[in-house]
Amino acid sequence: MKRREALALWVALARAYETVASASDEHAAEHGLTPTEFGVLEALHHIGPMRLCDLQEKVLVSSGGMTFVVDRLEGRGLVSRREDPADRRARLAELTDEGARLIGRIFPEHAERIEAATTGLSSADRRAAIRLLRKLDQEGDA
């Protein structure tokens, strides 16, 4: 029975993820961004300049993938790189003025799309799901 429940949970998680990810990915694409590019802009918008290795962990991509994404965003004038004053071996990524304007303009609608994709859950259900999924994530780290 435990195995059947675990498999049913996996299917439910995968389907729920696909529902929300589709809404997110479609919105990013409407603005000419890949999901990872949007994730980089969003992280820099909310956190500020970040070392590339820290940004890589936030966005969940490989080191080479992060370099590629930041190169693309830099080429579009949305992100710049600079030396980390605390560690000259490291590089910081930060939003340019154009990047800050873009993500500042599109993020509120993005948040609305995510909210709409999760309307099947009440506010209390969302809080419970967050708590349970974080518990699952912590158990996976053990």
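**Figure 1. Order of the elements along the protein chain.** From the N terminus on, the elements run α-α-β-α-α-β-β-α-α. The secondary structure of this chain comes to six helices and three strands; helices (H or I, at least four residues) and strands (E, at least two) are DSSP runs, numbered from the N terminus. The model is predicted: local features need pLDDT of at least 70, side-chain atom pairs count only at pLDDT 80 or more, and totals for chains, interfaces and linings use all residues. Residues are numbered from 1 along each chain as its sequence is written, and side-chain values use heavy atoms, with hydrogens and water left out.

**Figure 2. The protein chain as a whole.** Taken along the principal axes, the C-alpha atoms fill a box of roughly 55 × 35 × 25 Å. Of the 142 residues, 27% count as buried; buried means under 20% relative accessible area, exposed over 50%, and partly exposed in between (1.4 Å probe, protein chains only). The chain exposes about 9600 Å², of which carbon and sulfur atoms supply 54%. Accessible areas come from the Shrake-Rupley method with a 1.4 Å probe, and for residues only the protein chains shown count as cover.

**Figure 3. Helix H1 and its cover.** Helix H1 comprises residues 2-30. At 1.5 Å a residue, the 29 residues of H1 should span 42 Å, and the end C-alpha atoms are 42 Å apart, which agrees; the expected span is 1.5 Å times one less than the number of residues. The buried residues of H1 are Ala21, Ala23, Ser24, His27 and Ala28. What covers them includes helix H2 (35-47) and helix H5 (97-117). After H1 comes Gly32, whose phi is positive, near 70°.

Figure 4. Leu9, Leu133 and Leu136 make a nonpolar surface patch of about 250 Å². Patches are made of residues with over 30% relative accessible area and no salt bridge, where like charges are joined within 9 Å and nonpolar side chains (Val, Leu, Ile, Met, Phe, Trp, Tyr) within 5 Å. A salt bridge is a side-chain nitrogen of Lys or Arg within 4 Å of a carboxyl oxygen of Asp or Glu. Leu9 counts as partly exposed because its relative accessibility is 41%.

**Figure 5. The open sheet of three strands.** The strand order is E1-E3-E2, with antiparallel pairing. Strand E1 (50-51) and strand E2 (79-84) are the edge strands, as each pairs on one side only. Two strands pair if DSSP finds at least two bridges between them. Six bridges join E2 to strand E3 (residues 87-95), and Val79 stands opposite Leu95 in E3.

Key: Contact = heavy atoms within 4.5 Å.
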